[in-house]
Amino acid sequence: MQGDDAELTAAVRAAQSGDEGAFRTVYRTVHPRLLGYVRTLVSDADAEDVTSEAWLQIARDIGRFSGDADRFRGWAARIARNRALDHLRTRGRRPVIGGDESDLAVLPAGADTAAEALEALGTGRTMALISRLPQDQAEAVVLRVVVGLDAKSAAEVLGKRAGAVRTAAHRGLRKLAQILDESGPAEGLVDTGEPPGGPDASPTARGVTHKATRTLRET
């Protein structure tokens, strides 16, 4: 277990014992990524409220959770997704990200362009890019790259097979690379050095792209 994951696992277990300081650590570590995921499902105007509702349930049910840091991120993402879908159902809306996969049939599978897309995901300006992806690809990319789940955990969140999630994530990354090639710096996609979630995101979020490059290739 990597150092960051070990710290999160310890914080979760302490929070389960009623340590409020530990719960704040869990929140600071997980919230920026969780908020980024919710933004793939609901509008920016609603994302904070929906994520707050998810955290209320997380706080209420954390005593029943069992597992390490990776399982906790997956568990939290499932809760957030359910709250987001409930929110959309009450308003009769579809998820905010949609699209057609037909334009992906001829995309190249180059590892270099995918790596460039991963690096773009290390900035604080990436949700506008992700919003151009089909819904399944957007969720797969955010769960794998931003939230940091492996394919199996992401599949559990989405109720899909791990292979389908891997395919959606890779297609999404290739599409992001294509968008980067077409847009260039004119759309402000310059690396600001900010982690996903902005400058206040946790230090663990800053290394997400490096971990994601390995994770997407190996899992």
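Start with the fold. The chain has 219 residues, and 49% of them count as buried. Secondary structure is quick to list: 11 helices, 0 strands. What about contact range? Take contacts between residues at least 6 apart in sequence: 75% of them join residues at least 24 apart.

Next, confidence. The chain averages a pLDDT of 75, and 65% of the residues score at least 70. Where is confidence highest, and where is it lowest? Helix α3, residues 44-61, has the highest mean, at 94. Helix α10, residues 203-206, has the lowest, at 36. Two stretches deserve a flag. Over residues 97-115, pLDDT stays under 50, and the model has 31 contacts there beyond four places in sequence. Over residues 185-215, pLDDT is below 50 as well, with 63 contacts in the model beyond near neighbours in sequence. Where pLDDT is low, the predicted coordinates should not be read in detail.

Now the core. In soluble globular proteins, nonpolar side chains tend to be buried together. Here, the largest nonpolar core has 53 residues. Which residues have the most contacts inside it? They are V26, L34, Y37, V42, I58, F72 and L143.

Zoom in on V26. Leaving out residues up to four places away in sequence, V26 touches L8, A11, V12, H31, W55 and F72. Note F72 in that list; F72 is also among the core residues with the most contacts.

Helix α2 covers residues 20-38, and helix α7 covers residues 135-146. How do their axes sit? They come within 9 Å and cross at roughly 175°. The cut-off for roughly antiparallel is over 145 degrees, so α2 is roughly antiparallel to α7. Who meets whom? On the α2 side, we have R33, G36 and Y37. On the α7 side, we have E139, V142, L143 and V146. By class, this contact has 4 nonpolar, 1 polar and 2 charged residues. Two of these names come back from the core list: Y37 and L143.

That covers the fold, the confidence, the core and the pair.

Note on methods
Residues numbered from 1 in each chain as written. Predicted model: local features only at pLDDT ≥ 70, side-chain atom pairs only at ≥ 80, totals over all residues. Heavy atoms only, no water. Axes fitted to C-alpha atoms, helices over the stretch in contact; angles between N-to-C directions. Helix = DSSP H or I, 4+ residues; strand = E, 2+ residues; numbered from the N terminus. Parallel < 35°, antiparallel > 145°, perpendicular 65-115°, else oblique. Contact = heavy atoms within 4.5 Å. Nonpolar A, V, L, I, M, F, W, Y, C, P; charged D, E, K, R; others polar. pLDDT = per-residue confidence, 0-100. Core = buried A, V, L, I, M, F, W, Y, C linked by side-chain atoms within 4.5 Å. Buried < 20%, exposed > 50% of the residue type's maximum accessible area, 1.4 Å probe, protein only.
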